[in-house]
Amino acid sequence: MSTAFEVNFDGLIGPSHNYGGMSEGNLASASNSGEVSNPREAALQGLEKMRLLLRAGLVQGVLPPLPRPNYDLLVAAGFGGSDAQMIEAAASQAPQLLKAAYSASSMWAANAATVSPSADTSDGRLHLTAANLSTMLHRSIEHPDTVATLLAIFENEDRFAVHAALPMHADFADEGAANHVRLGESHGSEGVELFVYGRESGESTAGFPARQTKLASESIARSHGLAPQRTVFARQSRAAIDAGAFHNDVVSVGSTDTLFYHELAFERTDETLEALRKAGDGLFDLKSVMVPQADVPIEDAIRSYLFNSQLLQMPGEDRLVLLAPLETEETESTRRFCEKMTTGNGPIGRVQFVDVRQSMRNGGGPACLRLRVVMTEDEIAAAHQGVMMDEAKIDALQDIVRRTYRDRLSPADLADPAFANECQLAREALLEALELSGLI
Ligand code: SUG
């Protein structure tokens, strides 16, 4: 077993961050629809979170924002002429579509891909499958550009395998790592991969959309070459989805040997835990931390985003640290639960709060903002270095954000063709700083 690190690749929040109200079943997105956003503050908050983890001694990467507006979507919808003409026509004839074309949703990097570290795969390579995000129109346009980004970062085919998204059909609906948890003795040891799905392919469900199918999860496990006896598929509970848990990472998070979850997260909790124990037999002893509905009602868990936290093994600390959003501290039941949990002797020893409010208002907490990629030292060295963060690079990115991003944006502002140029210039400057100008 070689030394491995959990590298957090955070989505760098793009200049068109706005509150579009586009995600049915995501209560924060619906309730803040049409509000004025602050893209500059959003991106600075995200970069400060990265700085925090860097200073704690963790390895931090970044994924640049995707090109916005996405003109391919506008062309596909029949708009033509110059860029400015397309934007003006879409603004008057199809404003919903223009919002989708402008969405900065790639910031939620947990939905960029599903990742299996090389310790788990049959060919010993690190596998990444871009998520098709087929359930929501504004997210379904991410994957071609996500694949291009991943290929630019994980280019070395001897070590990395980047897979295209699954077919764009409801039977293959896939939302990436937000519905995937990897558990093991340590980051570098062989692990167990848990895939959480909301419905079977072909099954129609009432209520809020279930965005992940079992077929999608199974397909990824197969193409990543995961050992069937080390892989678990569990169904997310309908109660959780209908309460607003549009991804499993809104009601559970796991790292190393610990699974932290809400009592109502899974359809068959005992069976799921038993399957995880069996899959981890001989590898690790599962530690499960269940949050009872009586202590934290699921509505509070979703409002506060208690579980949409990063569960981190910090250098020098023997217990795990939960990096939770400020909203968890501000919600009484979750704050009390955190106090109780950390004074006990369980696997989570500390909770730290972080301000990602701009993203939270669209339903994205600390965990949504990052894609975890467990990498060996050699794999880190083989990846594109321009996206690996140090403080100087964070400073440089923040300078670009301060210079090029607006501090007020309402969905109506998207109608101004001049804004498209602003977005392009901002992205070009960011890509240059990350030595990724090939993506322009
Ligand atoms: O897919 N919100 C995202 C939030 C994604 C959170 N990710 C994880 N849980 N991993 C979504 O619903 C809202 C965009 C808007 O309405 O403008 C949005 O796409």
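**Entry 1: the open sheet.** I began with the three strands that form an open sheet in the order S6-S7-S8, and I noted that their pairing is mixed. This is a predicted model, and I read every entry below with that in mind. The edge strands are S6 (180–183) and S8 (231–235), each of which pairs on one side only, and from one strand to the next the twist averages 20 degrees. I then followed S7 (residues 192–197) into S8 and found the two paired in the parallel sense over five bridges.

Entry 2: I next asked which residues of S3 (residues 113–116) are buried on each side. Ala113 and Val115 are buried on one side and Thr114 and Ser116 are buried on the other, which leaves both faces of the strand covered. I kept in mind that in a regular strand the side chains alternate between the two faces of the sheet. S3 runs antiparallel to S4 (residues 126–130), and four bridges join them; Ser116 stands opposite His127 of S4.

Entry 3: Leaving aside residues up to four places away in sequence, I listed what Met22 touches: Ser29, Gln96, Lys99, Ala100, Ser103, Met136 and His138. I also checked Arg361, which is 339 residues from Met22 along the chain, and found their C-alpha atoms separated by 12 Å.

**Entry 4: the nonpolar cores.** The largest nonpolar core has 78 residues, and Phe9, Phe154, Leu371 and Met375 are those with the most contacts inside it. Helix H2 (residues 39–55) gives the most to this core, with six residues. A second, separate core has 19 residues, and I found Met22 there again, along with Leu74, Ile141 and Cys423.

**Entry 5: H2 against H16.** I turned to the packing of H2 on helix H16 (residues 391–404), where the angle is about 175 degrees and the axes are 10 Å apart. Angles over 145 degrees count as roughly antiparallel, so that is how H2 stands to H16. From H2 the contact includes Arg40, Leu44, Leu47, Glu48 and Arg51, and from H16 it includes Glu391, Ile394, Asp395 and Arg402. By class, I recorded eight nonpolar, one polar and seven charged residues in this contact.

**Entry 6: H16 against H17.** On helix H17 (residues 417–433), H16 packs at an angle of about 170 degrees, with the axes 10 Å apart, and this pair is therefore also roughly antiparallel. Lys393, Leu397, Ile400, Arg403 and Thr404 of H16 meet Ala426, Ala429, Leu430 and Ala433 of H17. I recorded six nonpolar, one polar and two charged residues here.

**Entry 7: H4 against H5.** Last, I looked at H4 (residues 83–93) and H5 (residues 95–102), which pack at about 130 degrees with their axes 5 Å apart, and the two helices are therefore oblique to each other. Ile87, Ala90, Ala91, Ser92 and Gln93 of H4 make the contact with Pro95, Leu98 and Tyr102 of H5. I counted six nonpolar and two polar residues in the contact, and no charged ones.

Terms used:
Residues numbered from 1 in each chain as written. Predicted model: local features only at pLDDT ≥ 70, side-chain atom pairs only at ≥ 80, totals over all residues. Heavy atoms only, no water. Axes fitted to C-alpha atoms, helices over the stretch in contact; angles between N-to-C directions. Parallel < 35°, antiparallel > 145°, perpendicular 65-115°, else oblique. Contact = heavy atoms within 4.5 Å. Nonpolar A, V, L, I, M, F, W, Y, C, P; charged D, E, K, R; others polar. Buried < 20%, exposed > 50% of the residue type's maximum accessible area, 1.4 Å probe, protein only. Pairing = 2+ DSSP bridges. Core = buried A, V, L, I, M, F, W, Y, C linked by side-chain atoms within 4.5 Å.
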